[in-house]
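Hi,

Here is the structure I promised to pass on. My notes follow below it.

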Amino acid sequence: MTGTTLAEPGTTRQGRQLWLTLVALSTAGMVVSVQQTVVIPLLPRLMVTFGASVAEVTWVFTASLLAAAVATPLLSRLGDMYGKKRMILFTVGLLVLGSLVCALSGSLPVLIAGRALQGASAALIPLAIGMIRDTFPPGRVMTAIGVVSATMGVGGSLGMIVTGLIADRTPDHHPVFWITAGLSALAIVLIVLSAPGDGAGAGGRPDLIGAALLSAWLVCLLLAISKGNDWGWSSGVVLWLFAGAGGFCAVWVFSQLRLRAPMVRLHLLVGRRSLPANVASMLLGFAMFGSFTLVSGFIQTPSSAGYGFGGSVLDVGVYALPSTVTMLLASFTAGRLSARLGPAYSLALGAALCATGFGWFTLFNDSVLHLVGSNAVQGLGFGIGYAALGALAVQHVSRDQSGIASGINSLVRSIGGSLSGAATSALLTSITIAGTSVPSRDAYVISFGIITASAAGSAAVALATGMRARGLSRIG
(Lines give C-alpha, C1' and ligand atoms only; values in the text may rest on other atoms or scores of the structure.)
Protein backbone atom coordinates (compact mmCIF):
# COMPACT_ATOMS: atom_id res chain seq x y z
CA MET A 1 0.00 0.00 0.00
CA THR A 2 1.33 3.45 -0.86
CA GLY A 3 1.12 6.40 1.47
CA THR A 4 1.67 6.72 5.19
CA THR A 5 -0.55 4.68 7.50
CA LEU A 6 -1.98 6.79 10.26
CA ALA A 7 -2.19 5.81 13.90
CA GLU A 8 -4.33 2.87 14.96
CA PRO A 9 -8.04 3.41 14.28
CA GLY A 10 -9.97 4.99 17.11
CA THR A 11 -7.18 7.06 18.66
CA THR A 12 -7.64 10.78 19.28
CA ARG A 13 -4.47 11.57 17.37
CA GLN A 14 -5.65 9.67 14.33
CA GLY A 15 -9.06 11.31 14.41
CA ARG A 16 -7.49 14.78 14.50
CA GLN A 17 -5.08 13.91 11.69
CA LEU A 18 -7.87 12.48 9.54
CA TRP A 19 -9.97 15.58 10.07
CA LEU A 20 -7.11 17.93 9.13
CA THR A 21 -6.30 15.87 6.04
CA LEU A 22 -9.94 15.89 4.93
CA VAL A 23 -10.18 19.65 5.45
CA ALA A 24 -7.02 20.24 3.41
CA LEU A 25 -8.13 17.98 0.55
CA SER A 26 -11.67 19.37 0.53
CA THR A 27 -10.39 22.96 0.48
CA ALA A 28 -8.04 22.20 -2.40
CA GLY A 29 -10.81 20.37 -4.25
CA MET A 30 -13.16 23.29 -3.80
CA VAL A 31 -10.57 25.75 -5.16
CA VAL A 32 -10.02 23.53 -8.21
CA SER A 33 -13.77 23.45 -8.83
CA VAL A 34 -13.99 27.23 -8.38
CA GLN A 35 -11.55 27.74 -11.26
CA GLN A 36 -13.66 25.54 -13.54
CA THR A 37 -16.68 27.83 -13.38
CA VAL A 38 -15.27 31.19 -12.34
CA VAL A 39 -15.21 32.45 -15.95
CA ILE A 40 -18.68 31.30 -16.95
CA PRO A 41 -20.58 34.44 -15.88
CA LEU A 42 -17.88 36.53 -17.58
CA LEU A 43 -18.26 34.97 -21.04
CA PRO A 44 -20.71 37.59 -22.40
CA ARG A 45 -18.47 40.36 -21.06
CA LEU A 46 -15.35 38.78 -22.56
CA MET A 47 -17.06 38.77 -25.97
CA VAL A 48 -17.22 42.56 -25.78
CA THR A 49 -13.76 42.98 -24.24
CA PHE A 50 -11.98 40.97 -26.93
CA GLY A 51 -14.45 41.48 -29.79
CA ALA A 52 -14.88 37.70 -30.10
CA SER A 53 -17.75 35.40 -31.03
CA VAL A 54 -19.61 33.01 -28.72
CA ALA A 55 -17.68 30.02 -30.11
CA GLU A 56 -14.31 31.73 -29.64
CA VAL A 57 -14.98 32.91 -26.10
CA THR A 58 -16.37 29.50 -25.12
CA TRP A 59 -12.80 28.21 -25.47
CA VAL A 60 -11.97 30.12 -22.28
CA PHE A 61 -14.13 27.49 -20.57
CA THR A 62 -13.51 24.56 -22.90
CA ALA A 63 -9.70 24.90 -22.75
CA SER A 64 -9.84 24.24 -19.02
CA LEU A 65 -11.88 21.07 -19.50
CA LEU A 66 -9.68 19.90 -22.37
CA ALA A 67 -6.53 20.33 -20.27
CA ALA A 68 -8.24 18.49 -17.44
CA ALA A 69 -9.07 15.58 -19.76
CA VAL A 70 -5.43 15.23 -20.79
CA ALA A 71 -3.70 15.98 -17.49
CA THR A 72 -5.96 14.00 -15.16
CA PRO A 73 -5.04 10.43 -16.21
CA LEU A 74 -1.38 11.37 -16.67
CA LEU A 75 -0.99 13.05 -13.27
CA SER A 76 -3.11 10.38 -11.59
CA ARG A 77 -0.78 7.73 -12.98
CA LEU A 78 2.22 9.73 -11.79
CA GLY A 79 0.61 9.90 -8.35
CA ASP A 80 0.44 6.11 -8.19
CA MET A 81 4.05 5.93 -9.40
CA TYR A 82 5.79 8.63 -7.38
CA GLY A 83 3.47 9.62 -4.54
CA LYS A 84 0.10 11.32 -4.37
CA LYS A 85 1.06 14.19 -2.08
CA ARG A 86 3.84 15.27 -4.45
CA MET A 87 1.48 15.31 -7.41
CA ILE A 88 -1.28 17.04 -5.47
CA LEU A 89 1.13 19.86 -4.64
CA PHE A 90 2.22 19.95 -8.29
CA THR A 91 -1.36 20.21 -9.58
CA VAL A 92 -2.22 23.04 -7.18
CA GLY A 93 1.02 24.72 -8.24
CA LEU A 94 -0.23 24.60 -11.83
CA LEU A 95 -3.41 26.28 -10.63
CA VAL A 96 -1.39 29.10 -9.06
CA LEU A 97 0.65 29.53 -12.25
CA GLY A 98 -2.40 29.46 -14.50
CA SER A 99 -4.20 31.97 -12.29
CA LEU A 100 -1.24 34.36 -12.52
CA VAL A 101 -1.15 34.04 -16.32
CA CYS A 102 -4.88 34.84 -16.50
CA ALA A 103 -4.53 37.72 -14.03
CA LEU A 104 -1.84 39.29 -16.22
CA SER A 105 -3.44 38.45 -19.60
CA GLY A 106 -4.16 41.18 -22.11
CA SER A 107 -5.46 39.09 -25.01
CA LEU A 108 -7.82 36.19 -25.55
CA PRO A 109 -5.11 33.65 -26.57
CA VAL A 110 -3.09 34.38 -23.42
CA LEU A 111 -6.21 34.06 -21.28
CA ILE A 112 -7.02 30.71 -22.92
CA ALA A 113 -3.45 29.51 -22.28
CA GLY A 114 -3.76 30.43 -18.61
CA ARG A 115 -7.07 28.66 -18.40
CA ALA A 116 -5.48 25.51 -19.82
CA LEU A 117 -2.88 25.60 -17.04
CA GLN A 118 -5.65 26.05 -14.50
CA GLY A 119 -7.59 23.15 -15.97
CA ALA A 120 -4.70 20.73 -15.47
CA SER A 121 -5.28 21.08 -11.72
CA ALA A 122 -8.47 18.99 -12.06
CA ALA A 123 -6.24 15.96 -11.50
CA LEU A 124 -6.30 16.85 -7.82
CA ILE A 125 -9.71 15.24 -7.27
CA PRO A 126 -8.71 11.68 -8.25
CA LEU A 127 -5.37 12.12 -6.51
CA ALA A 128 -7.20 13.14 -3.34
CA ILE A 129 -9.53 10.15 -3.60
CA GLY A 130 -6.51 7.89 -4.01
CA MET A 131 -4.86 9.42 -0.93
CA ILE A 132 -8.04 8.82 1.07
CA ARG A 133 -8.05 5.13 0.11
CA ASP A 134 -4.38 4.88 1.06
CA THR A 135 -4.61 6.51 4.49
CA PHE A 136 -8.15 6.40 5.90
CA PRO A 137 -9.57 3.41 7.84
CA PRO A 138 -11.99 1.37 5.66
CA GLY A 139 -14.99 2.47 7.69
CA ARG A 140 -14.35 6.13 6.93
CA VAL A 141 -13.28 5.91 3.30
CA MET A 142 -16.77 6.17 1.77
CA THR A 143 -17.75 9.24 3.80
CA ALA A 144 -14.43 10.99 3.15
CA ILE A 145 -14.66 10.35 -0.60
CA GLY A 146 -18.22 11.67 -0.54
CA VAL A 147 -17.17 14.92 1.12
CA VAL A 148 -14.24 15.56 -1.24
CA SER A 149 -16.26 14.64 -4.33
CA ALA A 150 -19.14 16.88 -3.27
CA THR A 151 -16.79 19.88 -3.11
CA MET A 152 -16.71 19.77 -6.90
CA GLY A 153 -20.29 20.91 -7.22
CA VAL A 154 -20.11 23.30 -4.28
CA GLY A 155 -16.94 24.92 -5.61
CA GLY A 156 -18.49 25.25 -9.04
CA SER A 157 -21.39 27.26 -7.66
CA LEU A 158 -19.17 29.32 -5.38
CA GLY A 159 -17.00 30.22 -8.38
CA MET A 160 -19.92 31.90 -10.09
CA ILE A 161 -20.91 33.71 -6.90
CA VAL A 162 -17.38 35.06 -6.37
CA THR A 163 -17.23 36.21 -9.97
CA GLY A 164 -20.60 37.91 -9.67
CA LEU A 165 -19.59 39.84 -6.56
CA ILE A 166 -16.39 41.09 -8.22
CA ALA A 167 -17.87 41.79 -11.64
CA ASP A 168 -20.59 43.91 -10.02
CA ARG A 169 -17.86 46.30 -8.86
CA THR A 170 -15.45 46.35 -11.78
CA PRO A 171 -15.63 45.65 -15.54
CA ASP A 172 -12.15 44.12 -15.42
CA HIS A 173 -11.87 40.31 -15.42
CA HIS A 174 -8.37 40.21 -13.90
CA PRO A 175 -9.30 40.46 -10.17
CA VAL A 176 -11.11 37.13 -10.33
CA PHE A 177 -7.86 35.35 -11.14
CA TRP A 178 -5.87 37.13 -8.45
CA ILE A 179 -8.37 35.65 -5.99
CA THR A 180 -8.00 32.13 -7.39
CA ALA A 181 -4.21 32.51 -7.18
CA GLY A 182 -4.48 33.46 -3.49
CA LEU A 183 -6.88 30.65 -2.67
CA SER A 184 -4.63 28.16 -4.46
CA ALA A 185 -1.61 29.31 -2.47
CA LEU A 186 -3.62 28.82 0.74
CA ALA A 187 -4.53 25.30 -0.37
CA ILE A 188 -0.84 24.49 -0.88
CA VAL A 189 -0.06 25.58 2.68
CA LEU A 190 -2.88 23.43 4.10
CA ILE A 191 -1.76 20.37 2.15
CA VAL A 192 1.88 20.76 3.18
CA LEU A 193 0.92 21.04 6.84
CA SER A 194 -1.90 18.49 7.01
CA ALA A 195 -1.68 15.77 4.34
CA PRO A 196 0.28 12.61 5.22
CA GLY A 197 3.63 12.06 3.54
CA ASP A 198 4.18 9.74 0.60
CA GLY A 199 5.45 6.22 0.99
CA ALA A 200 7.32 4.30 -1.68
CA GLY A 201 5.51 4.65 -4.99
CA ALA A 202 5.20 1.98 -7.64
CA GLY A 203 7.81 3.68 -9.84
CA GLY A 204 7.94 3.50 -13.63
CA ARG A 205 8.03 5.93 -16.58
CA PRO A 206 5.26 8.30 -17.63
CA ASP A 207 3.52 7.71 -20.97
CA LEU A 208 4.16 11.09 -22.61
CA ILE A 209 3.35 9.76 -26.09
CA GLY A 210 -0.07 8.66 -24.86
CA ALA A 211 -0.67 12.11 -23.39
CA ALA A 212 0.27 13.77 -26.70
CA LEU A 213 -2.00 11.48 -28.73
CA LEU A 214 -4.89 12.01 -26.32
CA SER A 215 -4.42 15.77 -26.63
CA ALA A 216 -4.34 15.56 -30.42
CA TRP A 217 -7.61 13.70 -30.94
CA LEU A 218 -9.49 15.68 -28.30
CA VAL A 219 -8.36 19.03 -29.78
CA CYS A 220 -9.34 17.92 -33.29
CA LEU A 221 -12.75 16.71 -32.12
CA LEU A 222 -13.63 19.76 -30.03
CA LEU A 223 -12.33 22.25 -32.58
CA ALA A 224 -14.44 20.61 -35.30
CA ILE A 225 -17.59 20.69 -33.15
CA SER A 226 -17.12 24.26 -31.92
CA LYS A 227 -16.19 25.74 -35.33
CA GLY A 228 -18.50 23.65 -37.51
CA ASN A 229 -21.06 26.45 -37.83
CA ASP A 230 -18.46 29.10 -38.71
CA TRP A 231 -16.43 27.01 -41.16
CA GLY A 232 -19.25 24.82 -42.48
CA TRP A 233 -19.90 21.24 -41.43
CA SER A 234 -19.04 19.95 -44.89
CA SER A 235 -15.95 22.14 -45.33
CA GLY A 236 -12.60 20.50 -45.91
CA VAL A 237 -11.12 21.83 -42.67
CA VAL A 238 -13.91 20.44 -40.48
CA LEU A 239 -13.94 17.08 -42.27
CA TRP A 240 -10.16 16.80 -41.90
CA LEU A 241 -10.46 17.63 -38.20
CA PHE A 242 -13.01 14.85 -37.68
CA ALA A 243 -10.81 12.48 -39.66
CA GLY A 244 -7.80 13.54 -37.60
CA ALA A 245 -9.72 12.94 -34.38
CA GLY A 246 -10.58 9.41 -35.51
CA GLY A 247 -7.05 8.70 -36.70
CA PHE A 248 -5.30 10.00 -33.59
CA CYS A 249 -7.80 8.17 -31.38
CA ALA A 250 -7.11 4.88 -33.18
CA VAL A 251 -3.34 5.33 -32.79
CA TRP A 252 -3.81 6.29 -29.13
CA VAL A 253 -5.85 3.14 -28.43
CA PHE A 254 -3.23 1.03 -30.21
CA SER A 255 -0.44 2.59 -28.17
CA GLN A 256 -2.28 2.04 -24.90
CA LEU A 257 -2.77 -1.64 -25.75
CA ARG A 258 0.88 -2.19 -26.65
CA LEU A 259 2.65 -0.34 -23.83
CA ARG A 260 3.53 -2.16 -20.62
CA ALA A 261 2.73 0.93 -18.52
CA PRO A 262 0.26 3.02 -20.58
CA MET A 263 -1.18 6.36 -19.62
CA VAL A 264 -4.68 4.84 -19.53
CA ARG A 265 -5.21 1.17 -18.74
CA LEU A 266 -8.05 0.47 -21.13
CA HIS A 267 -9.57 -2.20 -18.91
CA LEU A 268 -10.13 0.61 -16.39
CA LEU A 269 -11.82 2.63 -19.15
CA VAL A 270 -13.96 0.04 -20.95
CA GLY A 271 -13.69 -3.03 -18.74
CA ARG A 272 -16.82 -4.87 -17.65
CA ARG A 273 -16.81 -3.33 -14.17
CA SER A 274 -15.46 0.10 -15.10
CA LEU A 275 -17.40 0.95 -18.27
CA PRO A 276 -20.80 1.64 -16.63
CA ALA A 277 -19.26 4.04 -14.09
CA ASN A 278 -17.35 5.84 -16.83
CA VAL A 279 -20.38 6.13 -19.13
CA ALA A 280 -22.49 7.48 -16.27
CA SER A 281 -19.70 9.91 -15.37
CA MET A 282 -19.41 11.23 -18.93
CA LEU A 283 -23.17 11.75 -19.22
CA LEU A 284 -23.39 13.51 -15.87
CA GLY A 285 -20.36 15.67 -16.72
CA PHE A 286 -22.02 16.61 -20.02
CA ALA A 287 -25.13 17.70 -18.13
CA MET A 288 -23.38 19.57 -15.32
CA PHE A 289 -20.92 21.65 -17.34
CA GLY A 290 -23.47 22.26 -20.05
CA SER A 291 -25.92 23.63 -17.50
CA PHE A 292 -23.34 26.08 -16.12
CA THR A 293 -22.84 27.85 -19.45
CA LEU A 294 -26.49 27.67 -20.51
CA VAL A 295 -27.92 29.09 -17.29
CA SER A 296 -25.38 31.92 -17.26
CA GLY A 297 -26.23 32.94 -20.81
CA PHE A 298 -29.98 32.63 -20.27
CA ILE A 299 -29.93 34.80 -17.15
CA GLN A 300 -27.94 37.58 -18.86
CA THR A 301 -30.08 37.63 -22.01
CA PRO A 302 -32.13 40.88 -22.13
CA SER A 303 -35.86 40.34 -21.76
CA SER A 304 -36.31 42.22 -25.05
CA ALA A 305 -35.21 39.01 -26.76
CA GLY A 306 -38.52 37.45 -25.67
CA TYR A 307 -36.96 35.35 -22.92
CA GLY A 308 -34.20 35.65 -20.33
CA PHE A 309 -34.04 37.80 -17.21
CA GLY A 310 -31.70 40.63 -18.25
CA GLY A 311 -29.59 39.84 -15.22
CA SER A 312 -26.07 40.94 -14.33
CA VAL A 313 -23.00 38.82 -13.66
CA LEU A 314 -23.82 39.12 -9.97
CA ASP A 315 -27.33 37.78 -10.60
CA VAL A 316 -25.81 34.62 -12.10
CA GLY A 317 -24.04 33.99 -8.81
CA VAL A 318 -27.04 34.88 -6.66
CA TYR A 319 -29.34 32.54 -8.59
CA ALA A 320 -26.76 29.78 -8.05
CA LEU A 321 -27.07 30.07 -4.25
CA PRO A 322 -29.91 27.51 -3.91
CA SER A 323 -27.79 24.99 -5.77
CA THR A 324 -24.82 25.71 -3.49
CA VAL A 325 -26.91 25.25 -0.34
CA THR A 326 -28.43 21.95 -1.46
CA MET A 327 -25.03 20.65 -2.59
CA LEU A 328 -23.60 21.45 0.84
CA LEU A 329 -26.46 19.65 2.54
CA ALA A 330 -25.99 16.66 0.25
CA SER A 331 -22.23 16.54 0.88
CA PHE A 332 -22.77 15.80 4.56
CA THR A 333 -25.08 12.87 3.88
CA ALA A 334 -23.88 11.56 0.52
CA GLY A 335 -21.19 9.32 1.97
CA ARG A 336 -23.56 7.62 4.40
CA LEU A 337 -26.23 7.34 1.71
CA SER A 338 -23.75 5.71 -0.65
CA ALA A 339 -22.64 3.30 2.08
CA ARG A 340 -26.28 2.35 2.76
CA LEU A 341 -27.64 2.09 -0.79
CA GLY A 342 -24.42 1.37 -2.63
CA PRO A 343 -22.64 3.81 -4.99
CA ALA A 344 -24.60 2.73 -8.06
CA TYR A 345 -28.05 3.32 -6.57
CA SER A 346 -26.89 6.60 -4.99
CA LEU A 347 -25.63 7.76 -8.37
CA ALA A 348 -28.93 6.78 -9.98
CA LEU A 349 -30.80 8.84 -7.39
CA GLY A 350 -28.53 11.85 -7.80
CA ALA A 351 -28.63 11.79 -11.59
CA ALA A 352 -32.42 11.38 -11.57
CA LEU A 353 -32.73 14.49 -9.39
CA CYS A 354 -30.48 16.37 -11.81
CA ALA A 355 -32.65 15.30 -14.74
CA THR A 356 -35.74 16.44 -12.83
CA GLY A 357 -34.23 19.87 -12.24
CA PHE A 358 -33.13 20.28 -15.85
CA GLY A 359 -36.46 19.03 -17.14
CA TRP A 360 -38.26 21.51 -14.90
CA PHE A 361 -36.40 24.47 -16.42
CA THR A 362 -36.68 23.08 -19.95
CA LEU A 363 -40.47 23.18 -19.70
CA PHE A 364 -40.89 26.21 -17.43
CA ASN A 365 -38.31 28.96 -17.94
CA ASP A 366 -40.32 32.16 -17.87
CA SER A 367 -39.83 32.94 -14.19
CA VAL A 368 -36.93 33.39 -11.78
CA LEU A 369 -38.84 31.20 -9.30
CA HIS A 370 -38.67 28.29 -11.74
CA LEU A 371 -34.93 28.86 -12.13
CA VAL A 372 -34.35 28.96 -8.37
CA GLY A 373 -36.43 25.85 -7.76
CA SER A 374 -34.80 23.85 -10.55
CA ASN A 375 -31.34 24.93 -9.36
CA ALA A 376 -32.09 23.67 -5.86
CA VAL A 377 -33.11 20.25 -7.18
CA GLN A 378 -30.06 20.09 -9.45
CA GLY A 379 -27.74 20.96 -6.57
CA LEU A 380 -29.12 18.17 -4.44
CA GLY A 381 -28.70 15.74 -7.32
CA PHE A 382 -25.13 16.75 -8.12
CA GLY A 383 -24.14 16.63 -4.46
CA ILE A 384 -25.35 13.04 -4.19
CA GLY A 385 -24.30 11.95 -7.67
CA TYR A 386 -20.73 13.21 -7.72
CA ALA A 387 -20.01 11.79 -4.29
CA ALA A 388 -21.26 8.38 -5.45
CA LEU A 389 -19.17 8.59 -8.64
CA GLY A 390 -15.98 8.95 -6.62
CA ALA A 391 -16.70 5.75 -4.72
CA LEU A 392 -18.03 3.82 -7.73
CA ALA A 393 -14.89 4.52 -9.74
CA VAL A 394 -12.51 2.87 -7.25
CA GLN A 395 -14.54 0.20 -5.50
CA HIS A 396 -13.38 -2.64 -7.78
CA VAL A 397 -9.66 -1.78 -8.07
CA SER A 398 -6.64 -2.36 -5.85
CA ARG A 399 -5.27 0.51 -3.84
CA ASP A 400 -2.17 0.91 -6.01
CA GLN A 401 -4.49 1.67 -8.96
CA SER A 402 -6.98 3.87 -7.13
CA GLY A 403 -5.44 7.08 -8.43
CA ILE A 404 -5.51 6.12 -12.10
CA ALA A 405 -8.98 4.52 -11.81
CA SER A 406 -10.39 7.73 -10.33
CA GLY A 407 -8.39 9.72 -12.86
CA ILE A 408 -9.92 7.86 -15.79
CA ASN A 409 -13.38 8.48 -14.37
CA SER A 410 -12.54 12.18 -14.14
CA LEU A 411 -11.13 12.03 -17.68
CA VAL A 412 -14.41 10.87 -19.20
CA ARG A 413 -16.32 13.42 -17.10
CA SER A 414 -14.07 16.19 -18.48
CA ILE A 415 -14.55 14.88 -22.02
CA GLY A 416 -18.31 14.97 -21.44
CA GLY A 417 -18.07 18.55 -20.21
CA SER A 418 -15.86 19.57 -23.15
CA LEU A 419 -18.28 18.04 -25.65
CA SER A 420 -21.17 19.75 -23.91
CA GLY A 421 -19.52 23.16 -24.10
CA ALA A 422 -18.71 22.73 -27.79
CA ALA A 423 -22.11 21.28 -28.71
CA THR A 424 -24.23 23.85 -26.85
CA SER A 425 -22.19 26.77 -28.22
CA ALA A 426 -22.73 25.35 -31.72
CA LEU A 427 -26.48 25.22 -31.11
CA LEU A 428 -26.63 28.72 -29.67
CA THR A 429 -24.77 30.18 -32.63
CA SER A 430 -26.79 28.32 -35.26
CA ILE A 431 -30.34 28.89 -33.96
CA THR A 432 -30.71 32.65 -33.59
CA ILE A 433 -33.37 35.35 -33.61
CA ALA A 434 -33.97 36.45 -37.21
CA GLY A 435 -31.64 39.25 -38.28
CA THR A 436 -29.48 39.03 -35.15
CA SER A 437 -26.72 36.91 -33.65
CA VAL A 438 -28.69 36.45 -30.40
CA PRO A 439 -29.59 32.81 -29.66
CA SER A 440 -33.31 32.15 -29.85
CA ARG A 441 -35.40 30.70 -27.06
CA ASP A 442 -35.67 27.46 -29.05
CA ALA A 443 -31.87 27.14 -29.00
CA TYR A 444 -31.88 27.19 -25.20
CA VAL A 445 -34.87 24.85 -24.91
CA ILE A 446 -33.24 22.30 -27.21
CA SER A 447 -29.95 22.59 -25.32
CA PHE A 448 -31.63 22.17 -21.92
CA GLY A 449 -33.56 19.22 -23.31
CA ILE A 450 -30.31 17.56 -24.41
CA ILE A 451 -28.67 17.91 -21.00
CA THR A 452 -31.88 16.64 -19.36
CA ALA A 453 -31.65 13.53 -21.51
CA SER A 454 -27.96 13.20 -20.65
CA ALA A 455 -28.63 13.27 -16.90
CA ALA A 456 -31.50 10.79 -17.32
CA GLY A 457 -29.17 8.52 -19.29
CA SER A 458 -26.65 8.65 -16.45
CA ALA A 459 -29.37 7.63 -14.00
CA ALA A 460 -30.46 4.73 -16.21
CA VAL A 461 -26.90 3.41 -16.57
CA ALA A 462 -26.30 3.65 -12.82
CA LEU A 463 -29.60 1.94 -12.00
CA ALA A 464 -28.84 -0.91 -14.39
CA THR A 465 -25.39 -1.27 -12.82
CA GLY A 466 -26.84 -1.48 -9.32
CA MET A 467 -29.47 -4.03 -10.35
CA ARG A 468 -26.87 -6.15 -12.10
CA ALA A 469 -24.55 -6.06 -9.07
CA ARG A 470 -27.41 -7.06 -6.77
CA GLY A 471 -28.34 -9.93 -9.08
CA LEU A 472 -24.77 -11.21 -9.13
CA SER A 473 -24.51 -11.02 -5.34
CA ARG A 474 -27.67 -13.14 -4.98
CA ILE A 475 -26.32 -15.72 -7.41
CA GLY A 476 -23.01 -15.77 -5.54
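**Notes on the model**

Ala-69 is found in helix α3, residues 54-82. Helices here are DSSP runs of H or I of at least four residues, strands are E runs of at least two, and both are numbered from the N terminus. This is a predicted model: local features need pLDDT of at least 70, side-chain atom pairs count only at pLDDT 80 or more, and totals for chains, interfaces and linings use all residues. Residues are numbered from 1 along each chain as its sequence is written, and side-chain values use heavy atoms, with hydrogens and water left out.

Back to Ala-69. Its relative accessibility is 1%, so Ala-69 counts as buried. Buried means under 20% relative accessible area, exposed means over 50%, and partly exposed is in between (1.4 Å probe, protein chains only). What does Ala-69 contact, leaving aside neighbours within four places in sequence? The partners are Leu-214, Leu-218, Leu-411, Ser-414 and Ile-415. Contact means heavy atoms within 4.5 Å. Ala-69 and Leu-214 are 145 residues apart in sequence, yet 8.6 Å apart in space, C-alpha to C-alpha.

Next, a helix pair. The axes of α12 (residues 275-300) and α16 (residues 368-394) come within 11 Å and cross at roughly 150 degrees. Axes are lines fitted to C-alpha atoms, for helices over the stretch in contact, and angles run from 0 to 180 degrees between N-to-C directions. The two helices are therefore roughly antiparallel. The cut-offs: under 35 degrees is roughly parallel, over 145 roughly antiparallel, 65 to 115 roughly perpendicular, and the rest oblique.

On the α12 side, the contact is made by Ala-277, Ser-281, Leu-284, Gly-285, Ala-287, Met-288, Val-295 and Ile-299. From α16 come Leu-371, Phe-382, Gly-385, Tyr-386, Leu-389 and Leu-392. These contact residues divide into 11 nonpolar, three polar and no charged. Ala, Val, Leu, Ile, Met, Phe, Trp, Tyr, Cys and Pro count as nonpolar; Asp, Glu, Lys and Arg as charged; the others, Gly among them, as polar.

Ser-281 of α12 has 0% relative accessibility, so Ser-281 counts as buried. Not counting residues up to four places away in sequence, Ser-281 touches Leu-389, Asn-409, Val-412 and Arg-413.

Finally, the whole chain. The protein chain has 18 helices and zero strands. Its C-alpha trace spans about 70 × 50 × 45 Å along the principal axes. Of the 476 residues, 58% count as buried. Among contacts between residues at least 6 apart in sequence, 80% join residues at least 24 apart.

Best wishes
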